Amino acid sequence: MSKKDNGATLILSYLNQKNRPYSAQDVFTNLQKQHGLGKTAVVKAMELLALEGKIKEKTYGKQKIYFADQAQFRDVSDSDLKAMDSQISELSAEVHSLTQSCRQRDAELKELNNSLTTEEILSEIQKLKSECSGYRARLEKIKSATNHVTPEEKEKVYKERDVYVKEWRKRKRMASDMMNQILEGYPKSKKEFLDEVGVETDEDCKVVVPST
C-alpha cells in the first residue's frame, strides 16, 4: 500500500468484500489494528472513493454511511436468496452446536486442570498405603498386648476415684471452715494467715477438684 494510495484500495476491497454499510469509524476500527490505518486517512480515503463514484455514500443526520456500489454485483433471484437463507440457517445451527461443544470441552478442561496429576495421585496413594501400614502395625500391637484392663477393673478404678474425690471435697470444706473461724479473730488478711502458717491451697497449686 503506497503512501499516495492512503489505504483507498484496501478500503474499497474491504467494502466490496463485506458488501454492507459502514461508517468511517467502523472501517477504522476494523482495519486499524491489522493494517495500521489512521482515522483521518480512513475518512479522507472514503470521501475520495465516494467522490470518484467507486463507493456510495448516504447521510443520516450528522453521520455518513458508506457501502459498495451495488451496480457491480449481479442480480440475485428469489431462489438464490432462499438458498442463501437456508445456508445461513445451516451455518448458524452449526455455529451453535460448535459453541456448545466448545463450552463442554472448556468445562472438562477446567475440571481436569483442577484434578490431581498422575504423579500426584501415585504419590498420594503411596502416602495412604504408608499410613495404613502404620495403623495396621499399631492395631496388631494393641491386639497382642497382655495388659488389657477388664471392665470390672475399670469399674473398680472409677469407684475408688469417686471415693477419693468426695474425701478431697470433705477435707477441703473442713479446712475452710476451720480457717474461717480462726480468721474471725485474726488481725490480718487471709492471705497473710496462709503465708504465716505455710498452707498451700488448691488454687495456689492451680488444681481443681474433679467432678464426681
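This is a predicted model: local features need pLDDT of at least 70, side-chain atom pairs count only at pLDDT 80 or more; totals for chains, interfaces and linings use all residues.
## A tour of the chain

Start by selecting Cys205, which is partly exposed because its relative accessible area is 42%. Residues are numbered from 1 along each chain as its sequence is written, and side-chain values use heavy atoms, with hydrogens and water left out.

**The cysteines**

Go on to Cys132, another partly exposed residue, at 37% relative accessibility. How many disulfides does the structure hold? It holds 0, where a disulfide is a pair of cysteine sulfur atoms within 2.5 Å.

**The whole chain**

Zoom out and color by secondary structure. Follow the sequence and the pattern reads α-α-α-β-β-α-α-α-α.

Now look at the overall extent. Along the principal axes, the C-alpha atoms fill a box of roughly 125 × 60 × 35 Å. The radius of gyration is 48 Å, whereas a compact globule of 212 residues would have one near 17 Å. That radius is taken over C-alpha atoms, and the globule rule is 2.2 Å times the number of residues to the power 0.38.

Of the 212 residues, 15% count as buried.

Color by charge next. The chain carries 37 positive and 35 negative side chains, and the centres of the two sets lie 3 Å apart. Lys and Arg count as positive, Asp and Glu as negative; His and the chain ends are not counted. Each charge is placed at NZ of Lys, CZ of Arg, CG of Asp or CD of Glu.

**Helix 1 to helix 2**

Select Asn19, in the loop between helix 1 (8–18) and helix 2 (24–35). Its phi is near 50 degrees, a positive value in a residue other than glycine. Asn19 is partly exposed, as its relative accessible area is 34%.

Move along to His35, in helix 2. His35 has a relative accessible area of 34%, so it is partly exposed. Draw a C-alpha distance from His35 to Leu10: the two are 25 residues apart in sequence and 9.2 Å apart in space.

Select Leu51 in helix 3. Is Leu51 buried or exposed? At 74% relative accessibility, Leu51 counts as exposed. Then pick Gly134 as well: 83 residues separate it from Leu51 along the chain, and their C-alpha atoms are 90 Å apart.

Step to Lys54, in the loop between helix 3 (39–51) and strand 1 (55–60). Lys54 is partly exposed, with 42% relative accessible area. Which residues does Lys54 touch, not counting those up to four places away in sequence? They are Leu12, Leu49 and Asp69. Contact here means heavy atoms within 4.5 Å.

**After helix 7**

Finish in the segment after helix 7 (190–197), where Asp202 is found. Asp202 counts as buried because its relative accessibility is 16%. Show what surrounds it. Leaving aside neighbours within four places in sequence, Asp202 is in contact with Trp168, Lys172, Val207 and Val209.

The last stop is Lys206, also in the segment after helix 7. Its phi is near 55 degrees, a positive value in a residue other than glycine. Lys206 has a relative accessible area of 76%, so it is exposed.

Terms used. Helices (H or I, at least four residues) and strands (E, at least two) are DSSP runs, numbered from the N terminus. Buried means under 20% relative accessible area, exposed over 50%, partly exposed in between (1.4 Å probe, protein chains only).
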